Amino acid sequence: MITTMRGDEARLRATADFVREQDTTTLFPLLLPCLDSSELQALVDRCRFAHAALLVFPPDPEALHTALTDSGLDAYASAQPSVVVRDRLALRHGLAATALDVRILRPGVQGLDGVRRVVEVFVLTVPPGSELSPVAAHERDRQHEAHVAFEVECPDPLVLRGLCAVFARHGAEPDGGGYNPHEDGTVFYFTAPPGSKAGYQRVELYVHGDHQDVLTTHLAAQRARQPAESVLRQLTGAWTTQALAAFAALRVPDAMDTGTGTAVETLARTVGAETDNLATLLRYLKMLEVVAEDGSGYRLTERGTLLRADVPGSMRPLALMYGGPFYESFAGLGHTVRTGEVAFDRLFGENHFDHFAKDPELAELFDQSMAASTRMFAPLPAHPVITAASRAPEPGVIVDIAGGTGELLGRVLTANPRLRGVLLERPHVIEAARRSLDTAGCGDRCTYWTGDFADVPPGGDVYILSRVLHDWDDDRCREILRHCAAAMPAHADLLIVERVLPTDGSHSLATAWDLHMMCNVGGRERTTAHYAQLLGDAGLTLAGRSPLPLDGSVLHARKSKAE
């Protein structure tokens, strides 16, 4: 981490020097070498060199402060959220935008020409051991966000279109952009043309205000350059699912080291695989940054470690589930869209709950896969209604309805030692839950109820429905919520953990899970307003919504007051 941060410091110093030494008139010919004198004058009259930018990954705020100070930059420059760079990172690395807290700092620099400019510093804090470490390593190597920027003096759509046309005429191709509501500004990114001598591969035009019409044209031009490649990559997404599932099923991650590479031949002998075929699989996984290659062979990356069987929060069960029964049934998506019949039910002859219950191995795998998504509800033990129950004179009771093996309930009880818990589950899950909660050290504070949604235990202080309602249609959800309302005392709270569909068209994992629920389960994801309506129909009132990791949300409801 020290070495990589030093690299960030060196790039900060180099960027600050570049901003000091360049001006608008000298920089444009370096970026667009074939400009004629009239075009250069037109650009200089309408734009000014504003900044050069870079993306850094300090382990903590103190390291950033030191790096800025050592580079001669103002370490106290105010920071704003970066929507555009955040979204670009999320798209590039397949992450949820909400998981990336990218900030912009703009410390000032005095140019040799006397003009005040800035160094635009994008900051994503990546502590040691963070799951974002591979993202930081990739971005440091590729420098996708490093660019030089020109501010357009006149925010006129005709001027903007003309400037974009000049850039395009000289080989600068559209490379994204967006509107940042935090600053009320629109950015247009371009790749520098071949032969550019400025030392930067990306150029930005920045203009105050929201210029969606021009931006839409700009982004459409970017997509038009690569539609076939984009579609081809999307069509091969199934290969990625199966590559990860095979990697996990063969237990290759468990045979690999994170520090030193292992020869393919050794790995093949260990897991019982064909050497050449395993090498092909590992090459593909290297492209996904699941493994890395060194002189000794292949080693496991931080991302790949999540597919080990023995690590906390292992995602191996998810890989086996999404690459196994749910993968098979997804082939029937077209049938589901056409007829409304759940593809899983059609393939296996019964719904997934009944199917898994008849197969102990599948049932265990399903429960493990649910537990593998616990990152979503990591902040839940600190929710205000739970902490309030913990601080009450009489220890509060948390009722986890259909709580699986008790992963969530265990977290809540561990974080709040005064609380007691009640777990409602099916008979074949209860014993696994008992073992899990005993292992967590809170089994002596738990009571276990065997039953269905009609058997919700009465008398609790906080009731939890975690990833339950999205399994069912609206009628069944109303029924479940009515059972909860009937069991809840007047003072009780209900917390519902789900992925909530966005209403603004933004990218969200909820949109993907909505497709999955339709095809494999017969349920759906919903908007906040939809949940509020279902709650109201059951005599409950939505009191609030808070964000959770992995595009999750916790909805807080209480019993409606009698009129």
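This is a predicted model: local features need pLDDT of at least 70, side-chain atom pairs count only at pLDDT 80 or more; totals for chains, interfaces and linings use all residues.
Local features need pLDDT of at least 70 and side-chain atom pairs pLDDT 80 or more, while totals for chains, interfaces and linings use all residues. Residues are numbered from 1 along each chain as its sequence is written, and side-chain values use heavy atoms, without hydrogens or water.

Helix α2 spans residues 24-31 and helix α3 residues 37-46 (helices are DSSP runs of H or I, at least four residues, numbered from the N terminus). They pack at about 130 degrees, with axes 10 Å apart (axes are lines fitted to C-alpha atoms over the stretch in contact; angles run from 0 to 180 degrees between N-to-C directions). That makes α2 oblique to α3 (under 35 degrees is roughly parallel, over 145 roughly antiparallel, 65 to 115 roughly perpendicular, the rest oblique). The crossing is right-handed (the near helix is turned clockwise from the far one by less than a right angle). Thr24, Thr25, Phe28 and Pro29 of α2 meet Leu40, Leu43 and Val44 of α3 (contact: heavy atoms within 4.5 Å).

Helices α23 (residues 474-487) and α25 (residues 528-537) pack at about 55 degrees, with axes 8 Å apart. They are therefore oblique to each other. α23 passes α25 in a right-handed crossing. Asp474, Cys477, Arg478, Leu481 and Arg482 of α23 contact His530, Leu534, Leu535 and Asp537 of α25.

Helix α6 covers residues 133-142. Its buried residues are Pro134, Val135, Ala136, His138, Glu139 and Arg140 (buried: under 20% relative accessible area, 1.4 Å probe, protein chains only). Gln143 follows α6 with a positive phi, near 55 degrees.

Methods: Helices (H or I, at least four residues) and strands (E, at least two) are DSSP runs, numbered from the N terminus. Buried means under 20% relative accessible area, exposed over 50%, partly exposed in between (1.4 Å probe, protein chains only).
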